[in-house]
Amino acid sequence: MKLARRLDSIKPSPTLALNAKAKALAAAGEDVVGFAAGEPDFDTPDHIKQAAIQALAEGFTKYTATAGTPELRAAICDKLKKDNGLTYAPEQVVVSNGAKQCLYNFFQAVLDEGDEVIIFNPAWVSYPDMVALAAGRPVLVPTREEDGWVPDPGRFERAITPRTRAVVFNSPSNPTGGVLSAEALGALVRVLERHPVLLVVTDDIYEKLLYTGRPFVQVLNIAPHLADRTLVVNGLSKAFAMTGWRLGYAAGPKPLIAAMNMIQDQSTSNASSIGQRAAVAALRGPMDTVDLMAREFLARRDLFVAGLQALPGVRVRPPEGAFYVFPNVQGLLGRRHRGKALQGSVHISQVLLDDYRLAAVPGEPFGGEGYLRLSFAASRATIEKGLARLRDFVGGLTG
Ligand SMILES: Cc1ncc(COP(=O)(O)O)c(C=O)c1O
């Protein structure tokens, strides 16, 4: 079938494809250790589910305003004030079907054909493709493991051209687990101050999963004067184990939010009314489950990192946030598995799934060739089991 040309510039999400293959194997009765998930393995806390049940019982099942109910937008404004020290009015907030839709709407709203968006690599796979779908050009600026994946301000500035429209910050980062400190943000802000037309997107979705011992900071905490060109994106998926509910939100300057709202008006309209009620309960309710989850993730991270560090040829920097370890497996490349030299992260992921029943996402599609992304949204027992399989894999390599 003839499809639109703009689809030529994008590809299916490699993480979803790998997950699908791992799930199919598991469904066929295979004992697969899954480290590919991009979602918490915890259940949505009960008080949040109860709010949804109540919404249903009350018949709260109709369209809402496209941007979300006034009640939810007020709860989001309160959250942004309380947690992040940011002041927004409800008309500066739009609720979408996941943070993903907020980002999609943003790129659709601001990019003309050929406009460039700077993305620090390795990066979440969806950013470049969303930019491409909006006819923009993703400009991938590499970051380095030895710098803690913190972007180099000089490199950032050299990537800016007259076509650059926006830059994406994602801290804690998927896939690296890197975190932008106040100091690192300060250096990036100095570049932004020299380029006043650049818009900033700060994707704060992993805000609550932070292991630095320091409070979460984002660009507007360092540079409040950038508020008129910054979009804050966040959501319920990761902090409240609500990936399936599809609830995210964005806050920003009024004209930008109005434009994003208009795009959403003509595409999906509002996020689910029931989910919005649940989101109010999440944002206004007790945070103990969020804290418990974050503590458990930290314990798992330490277990995973210790096990990986003991593997010859593997190097790992403890992630400072999110729930992914991003080990460097360059020391394994060229070594032989069943006589065949390992060629790259995609090859390693294939071998791990096919021969060790372990689902690991290759770093290559994230712009991190020579790395794997292993999610610790898996129980400690699963992590132990996976580490044993990884030991078998590395121990069995020759050459
Ligand atoms: C960096 C990042 N941003 C945004 C999202 C989207 O989250 P959601 O659409 O579930 O809110 C994800 C999900 O994997 C992510 O990793």
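I count a contact when heavy atoms lie within 4.5 Å. The model is predicted, so I take local features only at pLDDT of at least 70 and side-chain atom pairs only at pLDDT 80 or more, while totals for chains, interfaces and linings use all residues. Residues are numbered from 1 along each chain as its sequence is written, and side-chain values use heavy atoms, with hydrogens and water left out.

**Entry: Thr 66**

I looked up the surroundings of Thr 66. Leaving out residues up to four places away in sequence, Thr 66 touches Val 95, Asn 261, Gln 264, Asp 265, Ser 269 and Asn 270. Thr 66 sits in the loop between helix H2 (46–57) and helix H3 (70–84). Helices (H or I, at least four residues) and strands (E, at least two) are DSSP runs, numbered from the N terminus. Is Thr 66 buried or exposed? I find it buried, at a relative accessible area of 11%. The cut-offs are under 20% relative accessible area for buried, over 50% for exposed and partly exposed in between (1.4 Å probe, protein chains only). I then checked polar contacts. These are pairs of N or O atoms within 3.5 Å; within protein, one must be able to donate a hydrogen and the other to accept it, and residues adjacent in sequence count only if both atoms are side-chain atoms. The Thr 66 side chain makes one with the side chain of Asp 265, at 2.6 Å.

**Entry: the two domains**

I noted the division of the chain next. Domain 1 covers 5–30 + 289–395, and domain 2 covers 60–284. These bounds come from an automatic or database domain assignment. Over C-alpha atoms, the domain centres are 26 Å apart. I find 31 residues of domain 1 in contact with 29 residues of domain 2.

The area buried between the domains is about 2600 Å², and carbon and sulfur atoms give 61% of it. Buried area is the accessible area (1.4 Å probe) that two parts lose on being put together, summed over both. Which residues of domain 1 lose the most area to domain 2? They are Arg 317, Glu 320 and Phe 366, together 25% of what that side buries.

I count one salt bridge between domain 1 and domain 2. The rule asks for a side-chain nitrogen of Lys or Arg within 4 Å of a carboxyl oxygen of Asp or Glu. Arg 315 forms a salt bridge with Glu 145, with 2.9 Å between the closest N and O atoms.

On the side of domain 1 that touches domain 2, helix H1 (14–27) and helix H11 (288–309) are the elements that give two or more residues. H11 gives the largest share, six residues.

Most residues other than glycine have a negative phi, and most peptide bonds are trans. I looked for departures.

Ser 171 and Pro 172 are joined by a cis peptide bond, omega about -10°. Pro 172 lies in the loop between strand E5 (164–170) and helix H7 (182–194). A cis bond also joins Asn 174 and Pro 175, omega about 20°. Pro 175 is placed in the loop between E5 and H7.

Ala 135 has a positive phi, near 70°. Its place is the loop between helix H5 (126–133) and strand E4 (137–142). Ala 135 is partly exposed, at 36% relative accessibility.

Trp 149 has a positive phi of about 65°. Trp 149 lies in the loop between E4 and helix H6 (153–159). Trp 149 is buried, with a relative accessible area of 10%.
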